[in-house]
Amino acid sequence: MKIPRRINVFRRKAMKGLTKNIGNSYSIPEIDPNSNIEIKNILISRPNHRLGNQLLLTPLVQEVINTFPDCKIDLFVKGGVAHPVFENYEEIDKIIQLPKKPFSHLLNYGWCWLKLKKKRYDLVINGDKNSSSGRLSTQFAKATYKVFGDIDEAVHAGYKDYEHISKYPVYNLRHFLEKLGFPKNHAEVPVLNIKLNETEITNGKKILDDIVKNDKNTICIYTNATGAKCYSKDWWETVYERLTKEYPNYNVVEMLPIENISKISFKAPNFYSKDIRQMGAIIKNTSVFIAADNGVMHLASASLTPTVGFFSVTNKNIYQPYGNGSVALNTNETTIDDWFVEIDRILK
C-alpha cells in the first residue's frame with residue numbers, strides 16, 4: 001500500500017524534530033599526541049533510496065578512500081540502486097540496505113539496524129546532516145569516532161561552495177580529521193563518479209552507434225523530471241529545435257524515462273535502459289548531457305560527461321553538477337541565449 005504524500009511529509013518533519021539534537025553531546029575522545037590513529041573500518045550512512053542521493057554520496061566515498069587507502073567501507077543505505085552505483089568500488093566491503101517500505105518489511109528493517117551493532121568501526125560518517133535516519137544510525141553504530149555532519153560555522157565561512165550536498169560532508173570530514181591531528185587537506189573535492197570501466201564504456205559506444213548510425217558526435221537530452229522541476233513540452237521543443245539548428249554536425253538523441261514519455265514527441269532518436277550503469281556508459285560516449293535537475297542529471301555527471309543542468313525551483317548551489325566542464329543554469333534568471341553560450345563553450 002502506498003503511503004499518502006502528506007503522511008510522509010508529516011513523518012519527515014516529526015522525525016527531524018525528534019532527531020535534530022542527536023549528536024550534539026558528542027565530543028571527540030581525548031587523543032594521545034604520541035599515538036598513531038588507525039582508521040581502517042569505516043561506516044558511511046546515507047539511508048535514502050533515490051538514485052540522485054546515492055550518486056551524490058560518491059564524492060564522500062572517494063574522499064574516504066583517498067584519505068585512508070587501506071580502509072574497508074560499509075555503507076548503510078535504503079533499498080534502491082546502491083549496488084550498481086558502487087559496483088566498481090573495491091574498497092566497499094558491505095552494503096547494508098534498509099527496505100524502501102519499512103512497514104511491510106518490518107523484520108528485515110529491524111535486522112538491518114541490528115547489523116550496525118554487530119561490528120565495531122573506527123569511524124562513522126553521516127552523509128547528510130538533515131537525514132533523521134542518518135543521525136540515528138550514526139548514534140546507534142559502535143565506533144571510536146563519529147561525524148554527525150553538523151555545520152561548523154568556521155568551515156562554512158571558509159568555502160564558497162560549502163552549501164553543495166556532495167561537498168559539505170567532505171569539508172566536515174576534513175575539519176574533523178584536523179581535530180584528530182591529520183594534516184589540512186587542500187585538494188579539490190572529488191567529483192561524482194560511478195567508475196565506469198573500459199568494457200562498459202565500449203559497450204555503451206556500440207549501443208549509441210547503433211542508435212545514431214553515423215560517426216558524428218552526439219548531444220544527449222533528457223526531458224523528464226519530477227513535479228515542478230519538469231519543464232513543459234513547448235519549453236523543451238524550443239530547446240530541441242535550437243539545438244538542431246545550432247549544431248547540424250552533431251546528433252541529438254533523447255534518453256527516455258521509465259514512463260516512456262517525451263517532451264519533444266519522440267522527434268529525436270531515443271533510447272531507454274533499466275540498467276543505470278549501461279545508461280551511464282551510453283552518456284559517457286556523448287559530448288554533452290542536457291537535463292533539468294533530477295537523478296539522471298547526476299548520473300550523467302557521475303559518468304564524467306559535461307553536464308548542463310537546468311534549475312527553476314530547486315537550489316542549484318545545493319544540487320548543481322560540477323567538474324568535467326559542467327554548468328548549472330537558473331532558468332528564472334537567464335535566457336535561452338545564455339544557455340547556448342554555455343553549451344557552445346562545452347562543445348567548442
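Of the 348 residues in the protein chain, 50% count as buried, meaning under 20% relative accessible area, where over 50% is exposed and anything in between is partly exposed (1.4 Å probe, protein chains only). This is a predicted model: local features need pLDDT of at least 70, side-chain atom pairs count only at pLDDT 80 or more, and totals for chains, interfaces and linings use all residues. Residues are numbered from 1 along each chain as its sequence is written, and side-chain values use heavy atoms, with hydrogens and water left out.

The protein chain has 14 helices and 11 strands. Both are DSSP runs numbered from the N terminus: helices are H or I with at least four residues, strands are E with at least two. Of the contacts in the protein chain with a separation of 6 or more, 61% join residues 24 or more positions apart. A contact means heavy atoms within 4.5 Å.

Start with the open sheet. Its five strands run in the order β3-β2-β1-β4-β5, with parallel pairing. Two strands pair if DSSP finds at least two bridges between them. From one strand to the next, the twist averages 20 degrees. Strand β1 (residues 41-46) runs parallel to β4 (residues 120-126), and four bridges join them. Here Ile 44 stands opposite Ile 125 of β4. Helix α6 (residues 132-140) packs on this sheet and touches β1, β2 (72-78), β4 and β5. The direction of α6 makes about 160 degrees with that of β4. Axes are lines fitted to C-alpha atoms, for helices over the stretch in contact, and angles run from 0 to 180 degrees between N-to-C directions.

Now turn to strand β7 (residues 251-255). Five of its five residues are buried, so β7 is largely enclosed by the rest of the structure. Asn 251, Val 253 and Met 255 lie on one side, Val 252 and Glu 254 on the other. Both faces are covered. Strand β6 (residues 218-222) pairs with β7 in the parallel sense over four bridges. Ile 219 has Val 252 of β7 as its bridge partner.

Next come the helix pairs. Two packed helices are described by the angle between their axes and the distance between the axes. Helices α9 (residues 198-212) and α11 (residues 276-284) pack at about 70 degrees, with axes 7 Å apart. That makes α9 roughly perpendicular to α11; angles under 35 degrees count as roughly parallel, over 145 as roughly antiparallel, 65 to 115 as roughly perpendicular and the rest as oblique. Glu 200, Ile 201, Gly 204, Ile 207 and Leu 208 of α9 meet Arg 277, Gln 278, Ala 281, Ile 282 and Lys 284 of α11.

Helices α10 (residues 233-246) and α14 (residues 336-347) pack at about 45 degrees, with axes 12 Å apart. That makes α10 oblique to α14. Among the residues in contact are Trp 235 and Leu 243 of α10, and Trp 339 and Phe 340 of α14.

Finally, check the backbone. Most residues other than glycine have a negative phi. Asn 260 has a positive phi, near 55 degrees. Asn 260 sits in the loop between β7 and β8 (270-271) and is partly exposed, at 48% relative accessible area. Leu 304 also has a positive phi, of about 65 degrees. Leu 304 lies in the loop between α12 (295-302) and β10 (307-311). Leu 304 is partly exposed, at 29%.
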